Amino acid sequence: MPGDVLGLDELEIPEELSLIVAWKQREGYEGGEVRVVAGVASYLREACERTLEQVSAREPRVYTPDMQLEEDEELLVLEDAELVGDSQIAAIVLPTEPLPIINAQSLPRRPLQLYAVRIRTDSGDVAFVRKTNPHTPIRAGRMFALLGNTLSRIGGPVFSLDNHFDLIVTERGILALRQSYFELLFRETPALQRHIPEWVNAINANVPFAGDGAARLAERAATDGRLRRRLRSIAERGHLSTVTADQIRKHLQDVGLSESAFLDGDQLLYDEANPFALVYLLNEDFFQGGLTDASFRSDRKSPR
Amino acid sequence: MAQERVPPAAGPGSDGPREKDAIRDASPSRRERASDLIVELALFMSSYAPLFAILAIRFRSTGLILACAALSAVGFAAGAAVLVRFHQVTGSTWTVRTVEDRGGEVAGYLATYLLPFVTVSEPDVRDVVGYVLFLMVIAVIYVRSSLVQINPTLYLFGWRLYAIEIGNGWSGYLLARRPVRKGTDVAAVRMTERLFVSYTSRRS
């Protein structure tokens, strides 16, 4: 059961909970706590329970950067305390101390990026995250009104909360029901950035780069998420440990690519003008159609 | 197991409109103060409820007796209203790293701010105007300082005030009816930025 992975087995949602919102601020995120009354808290508890039901109904799948999650059937699981520890989002949704109070007066004008329910359990804090803006802004030329005995204008900000969440974050890792939201919120953590030299060196140790190609690739990957994702995928699969320059040469011929664009003798050629080509090649993203000679490039793939 | 998480503070940025937004968003204190003001004024009113009750007993003028009795009733009602209002808010659970009983500050508050009001039993108009001005000054100081947590009325009804620390440096106050020990989890509701109220004492 996936819940077991992160210690969420038989998790019960307690009475006490915090509703946290986060917004972008300069290069990062900031967050605050919205106080909720019992009726809203009860609804949020039900949304947490519904999410746990979805989690238990899906097949867990360990995250790899190349994966494509079948979101109706599968559940992304990443047990990585370091990534959580380095994540700004995790620091907001699992705060170690109270966040500033957000109310109608202090609601930031910037759009909210997410909201989260944080609970305290016996095994640590858990956050249920919904990657959407709960604040429904009033568009120009419209107004919100509430019908009781009469129709009254709603003066303050209106929040809209869904009955489910997209991710569950604990100090040990993350469960995600939506892969894209997980990657959006967590893939750019400093923990991943620190691994870039290690990933590039692993390639370089097996099939060396020509000149300062390794250093230039690492430098470029530091500012490019797509490159990072593929480098991580190559490192995690570890398939290059037994690959030789001759095998790369043969693969280039098989997929109809020019050897001179990728290899200088037995060394890998990194082309600054097209930094992705070499990484696609090493990640086995180039292939020929099985029934035709058509050439393709894969953006996502799953092992059979 | 758990890693030290980075603080959610943002990195430097320099682009024009974003910078302007950042400056606007990074200085919410005025707006936060405005939102806390009603709660703080209600707590201030309630902190002076016993004083007005004493004054209503001491004064001889019917007008002053009625005014003080009304202010006392309003003060008690304001304190009760704040407690009832926040009882409907869902609390969150925090581990209290340090705890310090601040009951002594309530006694100091009584001596410093309440006693001057109970010395004259038949004040003339000038005395009354002076007291009103003095009360307004105290109200401003009370709301703008940490005095807002010090409330003799709540003490009368069994509430105690604790100075607490949570996490790596967050410090504030906790109103609770039961003793709070350091290292324990406390379920509490945020009244203001720096003031929690605990309606129950939770597991250790």
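The bridge partner of A:R120 is A:D125 in β6(A).

I noted that this is a predicted model, in which local features need pLDDT of at least 70 and side-chain atom pairs count only at pLDDT 80 or more, while totals for chains, interfaces and linings use all residues. Residues are numbered from 1 along each chain as its sequence is written, and chains are lettered from A and ligands numbered from 1 in the order in which they are written.

Next I followed the sheet of chain A, which is open and mixed in its pairing, with eight strands in the order β2-β1-β5-β6-β11-β12-β4-β3. Strands β2 (28-34) and β3 (59-62) of chain A stand at the edges with a single partner strand each, so one side of each has no neighbour in the sheet.

Then I turned to helix α2 (residues 38-57) of chain A, helices being DSSP runs of H or I of at least four residues. Which residues of α2(A) are buried? I listed A:A41, A:L44, A:C48, A:T51, A:L52 and A:V55 as buried, meaning that 20 or more other C-beta atoms, placed from the backbone, lie within 10 Å of a residue's own, whereas 12 or fewer make it exposed and values in between partly exposed. On the other side of α2(A), A:G39, A:E53 and A:A57 are exposed.

How values were computed
Helices (H or I, at least four residues) and strands (E, at least two) are DSSP runs, numbered from the N terminus. Two strands pair if DSSP finds at least two bridges between them.
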